[in-house]
Amino acid sequence: MNKKLVYIIIGIVTLIFGVLIFSSINIYNNLVSSKESVDNNLSKISVQLERRADLIPNLVTTVKGYIKHEQSVINSITSSREKLVNADTVEEKAEANNQLSAALNNLFVIVENYPDLKSNVNFIQLQDELAGTENRIAVARTDYNNAVKEYNQNIKYFPQNIIANMFDFEEQEYFEASNASNGVPNVSFE
């Protein structure tokens, strides 16, 4: 009888240990999946920011011939674009994106004084592409922030927080727009 009790205890301990191991593996895999979702959504933002940055030289070239007296605006856009292209962290990308939005807003205000430019086919096409890109950036930013929220919650919930701490899962930053940007720049000239 004593041997039988030892086998039962060993069996129960083994079962409990197995359940704990299986649960830990499942939690770890869910955390990895959640982190990958954050990284994937950040790369979508990066793609759209790069697309936007690629449109800027064409926009600047089209506008340069018309607004020769507004060189500071062109320089501001070029400088902001360079910061965006060279940004590494989420915070740097958000800040550079906000600076570029402000510079583009200034450009579009100035463009109002140049009716020939507003009717230029290349400018109109670039304006439409930029508006579409701005919308894609907003969607990508929302998707990223939703993924970050889910991930950050997952690493804080019990018992996931134990596994998260063991494997150095760190809280991620949100991609936040500044209060000054107030969303998408207005690119309508009607």
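Contact means that heavy atoms lie within 4.5 Å of each other. The views below show a predicted model, in which local features need pLDDT of at least 70 and side-chain atom pairs count only at pLDDT 80 or more, whereas totals for chains, interfaces and linings use all residues. Residues are numbered from 1 along each chain as its sequence is written, and side-chain values use heavy atoms, with hydrogens and water left out.

**View 1. Serine 80 in helix H2.** Serine 80 has its place in helix H2; helices (H or I, at least four residues) are DSSP runs numbered from the N terminus. With 5% relative accessibility, serine 80 counts as buried (under 20% relative accessible area, with a 1.4 Å probe and protein chains only). Not counting residues up to four places away in sequence, serine 80 touches Ala96, Gln99, Leu100 and Ala103.

View 2. Helix H2 comprises 16 residues, 71-86. From first C-alpha to last it reaches 23 Å, close to the expected 22 Å (1.5 Å times one less than the number of residues). Its buried residues are Val73, Ile74, Ile77, Ser80 and Leu84. They lie on the same side of H2 because they cover an arc of only 130° around the axis, taken from the directions from the helix axis to the C-beta atoms. Helix H1 (2-64) and helix H3 (90-111) are among what covers them.

**View 3. Tyrosine 144 in helix H5.** Tyrosine 144 is found in helix H5, residues 121-156. At 0% relative accessibility, tyrosine 144 counts as buried. Its contacts, not counting residues up to four places away in sequence, include Val38, Asn41, Val90 and Tyr174. The C-alpha atoms of tyrosine 144 and valine 121 are separated by 34 Å, and the two residues are 23 residues apart along the chain.

Key
Helices (H or I, at least four residues) and strands (E, at least two) are DSSP runs, numbered from the N terminus. Buried means under 20% relative accessible area, exposed over 50%, partly exposed in between (1.4 Å probe, protein chains only).
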